[in-house]
Structure formats: C-alpha cells, structure tokens
Amino acid sequence: MTDELRFVHFTDTHIVGPGVRLREVETCRTLERVVDAVNDLNPRPAFVIVGGDLVSPDISSDSIEGHRDASDAEYEASYAVLRSILGRLAVPFHMLMGNHDRRGPFRRVMLSHQAPDDERHCFVVDVDGYRVCALDSLDPGKKPGVLGAGQLAWLRDRLGEAADRDVVIAVHHHAVPIGLERLDVQMLMDADALWKLILEAGNVRGVLCGHVHLQHEEERHGIPVVTTPSTCFQSSKLFKEKQYLTGPPTLRLVTCRDATMTSELVKL
C-alpha cells in the first residue's frame with residue numbers, strides 16, 4: 001500500500017445533450033468545466049468516481065417539477081454525449097447508477113460488456129493497496145434508493161477480501177439523513193443494513209454519496225460520510241420546498257492516508 005491515495009468524486013451530472021438547459025443550467029457546459037478542473041489538478045488524482053444521475057432525458061427542460069417518459073434511444077443518445085465529455089479526462093473514471101439512470105442503455109453505450117437490465121452495476125476499484133466499493137442504489141421508477149439483499153451479500157464478500165486494506169464506499173443515495181425531509185424520504189432505504197456491514201468489517205474509512213445536490217458532512221460511528229454537490233444545479237438546506245441554485249459546479253477531492261479519509265470541496 002502506498003502512503004496516500006488521492007482521487008476525485010463528482011456526481012449528478014444530469015446530461016441530456018449539447019445546449020440543453022435543466023433547471024436553467026446547461027449541464028454539458030458545467031460538466032466540461034469540472035473535467036477541465038480535474039485535468040488541471042496537480043498532483044494528478046488516481047481516478048474519478050462519477051456518483052450517479054449521469055444522464056436525465058427524463059427531466060423536462062422547462063420545469064422544476066416536470067418529468068417525461070424517455071425512450072431507451074433518448075437515454076443512449078444522452079449517454080453518448082456523456083461518454084464524449086468524460087473521455088476528455090486525463091485519468092480513469094468509474095461510474096455509478098443513480099435514480100435518473102437506466103441500466104440497459106448505460107451498459108450498451110458506456111461499457112464493453114452486456115448484462116441483464118436488472119443486474120446491479122456494482123464493482124470494486126483497487127489502486128495502490130486501497131479499495132473503493134462502488135454500489136448501485138437504483139430502484140427503477142422510484143426516487144429513493146435500495147441496495148437489496150443480494151448486493152449487500154456481495155459487499156460483505158468484497159469487504160472481507162480487503163480485510164487488510166482501507167476501503168471507501170461510494171453510493172448514489174445518501175446513507176444518512178441530512179435533516180431535510182423532502183430529501184430524506186428519498187435516501188437509501190436500507191442504509192441501516194449497510195451500516196451494519198460497515199461496522200462488522202471494520203476497514204471502511206469513508207462513505208461518499210450524491211443525490212441531494214448539496215454539501216453534507218458528518219461522522220457515523222467515527223466514519224466520515226459526505227454528500228458532494230452536483231456538477232450542475234444545486235439545492236440548499238435553506239429551501240424547505242423544492243428549489244434549485246444555478247451552481248456552482250463542484251467536485252470533491254478525496255484523500256486516504258493513515259487509515260483515515262479526508263476530503264475537500266472544489267467549487268468552480
């Protein structure tokens with residue numbers, strides 16, 4: 001294991017297509033700014049974790065609340081745009097599923113292998129003696145997230161394999177309440193089962209989440225758990241009702257060292 005691992009977490013990119021504005025923000029342009037900022041980092045991070053809600057052809061471009069039925073072809077077109085933008089990154093990148101994503105089109109466009117549409121997109125990233133466990137909390141057609149018994153069993157095995165290593169968990173939906181009811185009803189529904197596994201394993205040093213489009217940081221059982229704001233439009237704990245801010249695009253720089261995870265936000 002090296003002394004230190006540095007990587008980037010950014011999330012909720014919500015790509016539709018060039019020139020398309022969601023919540024008054026052109027999401028392709030803001031993601032391009034984030035990609036440029038990652039490429040300018042010195043020293044260069046080991047990789048990027050893109051935390052879900054990758055694309056959003058299901059969001060109406062002219063409404064805060066509006067949603068629409070998007071076809072697989074529309075999803076595939078949005079993933080192709082995302083692939084083009086992320087392809088500019090100077091480091092490897094790994095992608096999670098969020099509630100706005102669709103596994104079938106994602107796999108057809110973004111991955112070199114195929115799998116059934118209902119198969120979870122969960123995986124590990126092993127770099128320099130550290131492990132990131134990336135989870136899939138997408139529950140199709142629903143805003144809250146769920147891991148399910150099968151994925152939790154998979155995670156137990158992956159944590160056990162890495163008993164001598166430090167592990168970070170990345171999942172789209174927030175794994176702790178953030179104190180805002182309208183978002184906490186949409187959190188990870190089986191978070192208690194996740195935390196039970198984390199405590200049993202004893203080697204998890206941090207949990208990275210997205211979904212809420214705002215900054216939240218706390219410790220649960222001594223383990224940092226954070227949410228990273230979006231690369232595009234943001235929310236705020238000051239808003240009890242659904243409202244959005246037009247930025248700033250944000251990424252989180254994560255550092256693992258001496259059995260701890262620390263992180264800092266970079267707002268553009």
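Colleague: Which residues of helix H3 are buried?
Modeller: Helices (H or I, at least four residues) and strands (E, at least two) are DSSP runs, numbered from the N terminus. Helix H3 covers residues 103-110. Buried means under 20% relative accessible area, exposed means over 50%, and partly exposed lies in between (1.4 Å probe, protein chains only). The buried residues of H3 are Arg103, Gly104, Pro105, Phe106, Arg107, Val109 and Met110.

Colleague: What kind of model is this?
Modeller: Residues are numbered from 1 along each chain as its sequence is written, and side-chain values use heavy atoms, with hydrogens and water left out. Local features need pLDDT of at least 70, side-chain atom pairs count only at pLDDT 80 or more, and totals for chains, interfaces and linings use all residues, the whole being a predicted model.

Colleague: What do the buried residues of H3 pack against?
Modeller: 7 of the 8 residues of H3 are buried, so H3 is largely enclosed by the rest of the structure. Contact means heavy atoms within 4.5 Å. The buried residues of H3 pack against H2 and strand E5 (93-95).

Colleague: At what angle do H2 and H3 pack?
Modeller: Two packed helices are described by the angle between their axes and the distance between the axes. Axes are lines fitted to C-alpha atoms, for helices over the stretch in contact, and angles run from 0 to 180 degrees between N-to-C directions. The axes of H2 (residues 72-86) and H3 lie 9 Å apart. Their angle is about 45°.

Colleague: Which word describes how H2 and H3 lie to each other?
Modeller: Angles under 35 degrees count as roughly parallel, over 145 as roughly antiparallel, 65 to 115 as roughly perpendicular and the rest as oblique. The angle here is about 45°. H2 and H3 are therefore oblique.

Colleague: Is the crossing of H2 and H3 left-handed or right-handed?
Modeller: A crossing is left-handed if the near helix is turned anticlockwise from the far one by less than a right angle, and right-handed if clockwise. H2 passes H3 in a crossing that is right-handed.

Colleague: How do the residues of the contact of H2 with H3 divide by class, and how many are charged?
Modeller: H2 brings Asp72, Tyr75, Glu76, Tyr79, Ala80, Leu82 and Arg83, and H3 brings Pro105, Phe106, Arg108, Val109 and Met110. Ala, Val, Leu, Ile, Met, Phe, Trp, Tyr, Cys and Pro count as nonpolar, Asp, Glu, Lys and Arg as charged, and the others, Gly among them, as polar. The residues divide into 8 nonpolar, no polar and 4 charged.

Colleague: How many aromatic pairs are there?
Modeller: Rings of Phe, Tyr and Trp (its six-membered ring) pair if their centres lie within 6.5 Å; planes under 30 degrees apart count as stacked, over 60 as edge-to-face and the rest as tilted. By this rule, the number of aromatic pairs is 4.

Colleague: Which kind of pair do Tyr75 and Tyr79 form?
Modeller: Their rings are 6.3 Å apart centre to centre, with 35° between the planes. Being 4 residues apart in helix H2, Tyr75 and Tyr79 are separated by about one helical turn. Both Tyr75 and Tyr79 are buried. Their pair is tilted.

Colleague: Which kind of pair do Phe233 and Tyr244 form?
Modeller: The centres are 5.1 Å apart, with 80° between the planes. Phe233 and Tyr244 lie in the loop between strand E11 (223-227) and strand E12 (250-257), so the pair ties together parts that are 11 residues apart in sequence. Phe233 is buried at 2% relative accessibility, whereas Tyr244 is partly exposed at 24%. Their pair is edge-to-face.

Colleague: How do H1 and H2 lie to each other?
Modeller: The axes of helix H1 (residues 27-39) and H2 come within 10 Å and cross at roughly 25°. That makes H1, relative to H2, roughly parallel.

Colleague: Which residues of H2 meet H1?
Modeller: H1 passes H2 in a right-handed crossing. H1 supplies Cys28, Leu31, Glu32 and Val35. The residues they meet in H2 are Val81, Leu82, Ile85 and Leu86.

Colleague: What is the relative accessibility of Thr13?
Modeller: Thr13 sits in the loop between strand E1 (4-10) and strand E2 (21-22). Leaving aside neighbours within four places in sequence, its contacts include Leu31 and Leu82. Thr13 counts as buried, with a relative accessibility of 0%.
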